[in-house]
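Here's a quick tour for anyone meeting this structure for the first time. Have a look at the picture, and then we'll walk through the strands and a few of the rings.

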Amino acid sequence: MRVTARIESLGAFPWNIELTTPFSIATGAQALAANVYVKLRLINGTVGLGEAAPFPAVNGETQEATLVALGTLMPLAIERPITEWRTIAQEAAELCGPAKSALCAFESALLDAFCKHTRTSLWAWAGGSERCLYTDITIPTGSPEAARQAAHQATLQGFTTLKIKVGAIHESPLQNDLERIRATLQVAPTADLILDGNAALSIDDAVEMIRQLGPLRAQVRVFEQPTARDDLDGLRAVQERTQIPVAADESAGSVRDVERIAREQAAAIINVKIMKSGVLEAQRMITAAKRLGLGLMVGGMVESDLAMGVSACLAAGMGGFDWVDLDTPLFMKHAPTRGGVLRSGNRIEIDPSCIGHGVRLV
C-alpha cells in the first residue's frame with residue numbers, strides 16, 4: 001500500500017532579482033524585483049517551489065509583508081498529507097486574506113509538490129490543452145526615444161505584439177504617450193498594440209488618446225485597464241466610445257469580479273494573474289470567464305519563470321488565451337531559474353515531460 005507523503009517543512013526566503021532596466025508603469029516602477037521564493041519539502045524528499053512577486057505600486061504588497069504572511073502558513077502545513085492539498089490551500093487562502101502574492105507562492109509550491117508526488121506535470125494537471133503560447137513584450141513608461149529603442153529591439157527578437165504602458169505622470173502625459181506610440185510604430189509598423197493604463201487614466205483622456213492616433217488606432221487591439229479599479233462604468237465607457245476591446249486587470253481579482261464585469265458588460269477580456277488571486281482562484285476565474293463569454297489574457301507582476309512557468313502551465317493547460325503577457329523574465333539581468341518552459345523569441349513552449357512545473361532555481 002502506498003504511503004501518503006506528509007509535508008515536512010516550509011520555508012520562505014527573500015529573493016532579490018536585478019533587472020536590466022526599471023520596470024515602470026503609470027503608478028510606479030521597480031528597479032529591483034524584491035520577490036520571495038517558497039520551498040515546501042515532503043518527508044520523502046520531494047520539493048515543491050513557488051514564487052511571490054509583490055509589486056507595491058500595483059497591490060501595495062511588499063517583500064517583508066509577504067514573508068510575514070507566509071510565516072503564518074507554516075503551522076498550517078507541517079505534517080499534513082500532500083494529498084490534502086486542496087483543503088490546505090483553502091485554509092491558506094483564509095489565513096492570507098489580501099496577501100495574494102504570498103498565497104500564490106504557497107499554492108504554487110503545494111501543487112508542484114503534489115504533482116511531483118503523483119509523477120504528473122502541472123500542465124497536464126491543468127488540462128494539457130495547448131503546448132505553446134506566444135507572448136507580447138512590454139514597453140515601460142518613459143520617453144519616445146526609449147520606446148523607439150525598445151520596440152526596435154523587440155522586433156529584432158521576433159515579437160509581433162507590443163504592450164505599451166501609458167498614463168504615467170508627465171508634464172504633458174497625453175502628448176508624451178501619443179509620441180511614444182507613434183515612435184513605436186515607426187520601427188514596428190505591423191505590430192499589434194496593447195495599451196495598458198494600469199488604472200491611471202480618465203475616460204476622456206483614454207478616449208482622446210485613441211482619437212488622436214487617427215489611422216494608427218487600427219493597430220490598437222486591446223486597451224487594458226484604462227480607468228480606476230473600481231470604475232467599471234469607466235471601463236465600459238472607454239470600450240463603447242473607442243470600439244476597442246477593454247481588458248480588465250486591476251478590476252478582476254476573483255470569480256466574483258469576473259461575474260460582475262460580465263453582468264455589467266464592463267470589459268470584453270479578463271487579465272488573469274495568479275499573483276493577484278492565487279493559483280486556484282485564477283483557475284476558477286478562467287472557467288467563469290469562458291462560461292460567461294469573456295476573452296482571456298494571462299499576465300503577471302515582475303516575476304521570474306518560476307511564477308510565470310506556473311502561469312504558462314495554467315494558461316496552456318486550460319487553453320483559450322488570445323493574449324499572453326508573460327515577459328518579465330526577459331527584463332532580468334541574470335536568469336535565476338532553469339527548466340519548465342522553453343523561450344524562443346515570443347514563443348513559450350511547455351515541456352510536457354516535466355513533473356510539477358519543472359522549474360528549478362539556479
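In which sense do E2 and strand E3 pair, and over how many bridges? Keep in mind that this is a predicted model. The two strands pair in the antiparallel sense, with six bridges between them. Strand E2 also has a partner in E1, again antiparallel, and here 14 bridges do the joining. Here are the two pairings side by side:

| Strands paired | Residues | Bridges | Residues facing each other |
|---|---|---|---|
| E1 and E2 | 7–25 and 28–42 | 14 | Ile25 opposite Gly28 |
| E2 and E3 | 28–42 and 47–52 | six | Val38 opposite Gly50 |

Now for the turns. Getting from E1 to E2 takes a hairpin with two residues in it. The hairpin of E2 and E3 has four residues between the strands, and Gly45 there takes a positive phi near 95°.

On to the rings. How many aromatic pairs are there? The count comes to five. One of them is Trp15 with Tyr37, an edge-to-face pair with 5.7 Å from centre to centre and 75° between the planes. This pair links distant parts of the chain, since Trp15 sits in strand E1 and Tyr37 in strand E2, 22 residues apart. Are Trp15 and Tyr37 buried or exposed? Both of these residues are buried.

Key:
Residues are numbered from 1 along each chain as its sequence is written. This is a predicted model: local features need pLDDT of at least 70, side-chain atom pairs count only at pLDDT 80 or more; totals for chains, interfaces and linings use all residues. Side-chain values use heavy atoms; hydrogens and water are left out. Two strands pair if DSSP finds at least two bridges between them. Rings of Phe, Tyr and Trp (its six-membered ring) pair if their centres lie within 6.5 Å; planes under 30 degrees apart count as stacked, over 60 as edge-to-face and the rest as tilted. Buried means under 20% relative accessible area, exposed over 50%, partly exposed in between (1.4 Å probe, protein chains only).
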